[in-house]
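Please keep the sequence and the model open while reading.

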Amino acid sequence: SGPSFHALQDGLRVIPANLHVPEVVLDEAVNRFREDLAEVQIKRKKLANELSRLLPDENNAYEDDVKVDSAADEYADRLKERLQDFDANILPYPKLDHKRIVKRDLQRRRPFQRDGSGYRDYLIWESVRGIMLWGSERVAFISNNSKDFCEGEELARDLKDDILNPQRLEIFRGLKHFNEKHVLPRLTMFKGVEEKLKANKLGNLDLPLWLRESIVDLIYDDELGFVLYGFPHGAGQITPHELVAIHELKVDEVLELSSNQRLAHISADIEVSFGVDIDDGDFVHEEIRSFWGDDSGRFAGGSSEFVERLQLGIALIVVPESVGIVSQELRYIEGNHGQIDFG
């Protein structure tokens with residue numbers, strides 16, 4: 001319910017991002033609530049007794065009207081309801097071999113400590129690692145207890161060795177630090193976008209949501225291989241999967257058309273995940289061999305997934321004061337290896 005979580009809720013839309021919460025973390029939070037409430041109850045009773053001693057004529061009777069277990073159950077329900085507001089994904093306890101856990105503990109590999117602590121931290125880490133096994137999106141690991149996972153400011157070497165792509169993982173010492181880097185700058189950016197849309201009577205248009213839902217159809221093109229990787233025409237199959245991040249989004253101009261419609265020119269700097277499929281016929285091209293890092297001449301094909309940065313120019317026909325987009329088209333698309341202009 002605090003300001004950081006309110007900012008995060010808007011931030012998940014504009015980054016865009018998805019929230020994942022390990023189930024073990026929820027259980028820890030509920031248990032912490034139960035312990036804190038029990039401790040406050042004890043303090044409250046002591047204070048009531050002290051008041052009765054100091055003010056014997058006053059009615060300072062202590063009434064034990066808070067049932068700790070019931071209150072903890074209610075807190076758990078409220079917490080789950082709040083996470084539903086975020087469309088959060090609750091990650092179940094990982095299924096692990098006990099011998100493997102004990103071996104890691106005895107080796108004192110992070111997040112285990114010399115005193116044997118770290119079991120719950122290890123379950124949290126396995127949940128994070130599970131997310132990173134699939135896809136190529138970046139993962140932000142947010143923990144107020146990040147010292148157990150870090151060496152200095154970096155992810156601990158033991159944990160880096162557990163994953164194939166540590167460059168995709170960024171660890172934050174609390175939600176405030178995550179918001180300062182990824183949420184607040186984007187909220188500022190979108191405030192400017194919303195003000196421009198409102199000035200042109202397009203204030204109901206949710207551009208981040210529209211872009212997330214439309215990106216695959218919008219940029220699907222036979223020349224994506226050239227734009228992204230310099231592939232020859234027709235070589236390789238490049239398939240856009242989903243929007244990963246919005247770095248910049250601008251309303252360049254809005255023009256009034258007949259029939260009470262408006263033409264909006266939008267520019268965007270984004271990251272998108274792509275599937276790249278290469279077959280043996282593609283391997284005759286030097287650009288393909290260089291991209292795949294294999295000059296052996298023997299190649300049966302392969303598939304992988306990458307996240308790439310693109311700059312887009314987009315034209316939208318919008319009905320004022322409506323969420324409806326009449327039509328859309330790409331004006332240009334630019335990547336690391338080239339640009340395509342669409343008429």
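How many bridges pair strand 9 and strand 10, and in which sense? Eight, in the antiparallel sense, with strand 10 covering residues 325–335. One of the pairs sets Gly313 against Tyr332 in strand 10.

## Model and confidence

This is a predicted model: local features need pLDDT of at least 70, side-chain atom pairs count only at pLDDT 80 or more, and totals for chains, interfaces and linings use all residues. Residues are numbered from 1 along each chain as its sequence is written, and side-chain values use heavy atoms, with hydrogens and water left out.

The chain averages a pLDDT (the predictor's confidence in each residue, from 0 to 100) of 86. At least 70 is reached by 94% of the residues. Helices (H or I, at least four residues) and strands (E, at least two) are DSSP runs, numbered from the N terminus. Strand 1 (residues 20–22) has the highest mean pLDDT of the elements, 96. Helix 10 (residues 286–292) has the lowest, 82. Where pLDDT is low, the predicted coordinates should not be read in detail.

An open sheet holds five strands in the order 7-8-9-10-11. Their pairing is antiparallel; strands pair if DSSP finds at least two bridges between them. Strand 7 (237–256) and strand 11 (338–341) are the edges. Each has a single partner strand, so one side of each is left without a neighbour in the sheet. On average, neighbouring strands are turned by 25° against each other, direction ignored. The axes behind that angle are lines fitted to C-alpha atoms, for helices over the stretch in contact, and angles run from 0 to 180 degrees between N-to-C directions.

Strand 8 (residues 262–279) and strand 9 (residues 301–318) run antiparallel and are joined by 18 bridges. Two strand 9 partners can be picked out here. Ser303 is the bridge partner of Asp277. Leu316 is the bridge partner of Ala264.

## Salt bridges

The whole structure has 23 salt bridges, each a side-chain nitrogen of Lys or Arg within 4 Å of a carboxyl oxygen of Asp or Glu.

Asp36 and Arg32 meet at 3.3 Å, N to O. Both lie in helix 2, four residues apart, about one turn of the helix. Asp36 is partly exposed at 34%, while Arg32 is exposed at 53%.

Asp162 and Arg109 form a salt bridge at 3.2 Å, N to O. Asp162 is in the loop between helix 6 (157–160) and strand 6 (169–172), and Arg109 is in the loop between helix 4 (98–106) and helix 5 (119–132), so the pair ties together parts 53 residues apart in sequence. Asp162 is buried at 19%; Arg109 is partly exposed at 23%.

Arg138 and Glu271 bring their closest N and O atoms to 2.8 Å. Arg138 lies in the loop between helix 5 and strand 3 (139–142) and Glu271 in strand 8, so this pair ties together parts 133 residues apart in sequence. Glu271 is buried at 11%. Arg138 is partly exposed at 39%.

Salt bridges also link Arg13, Glu194 and Asp206 in a network.

Note on methods
Buried < 20%, exposed > 50% of the residue type's maximum accessible area, 1.4 Å probe, protein only.
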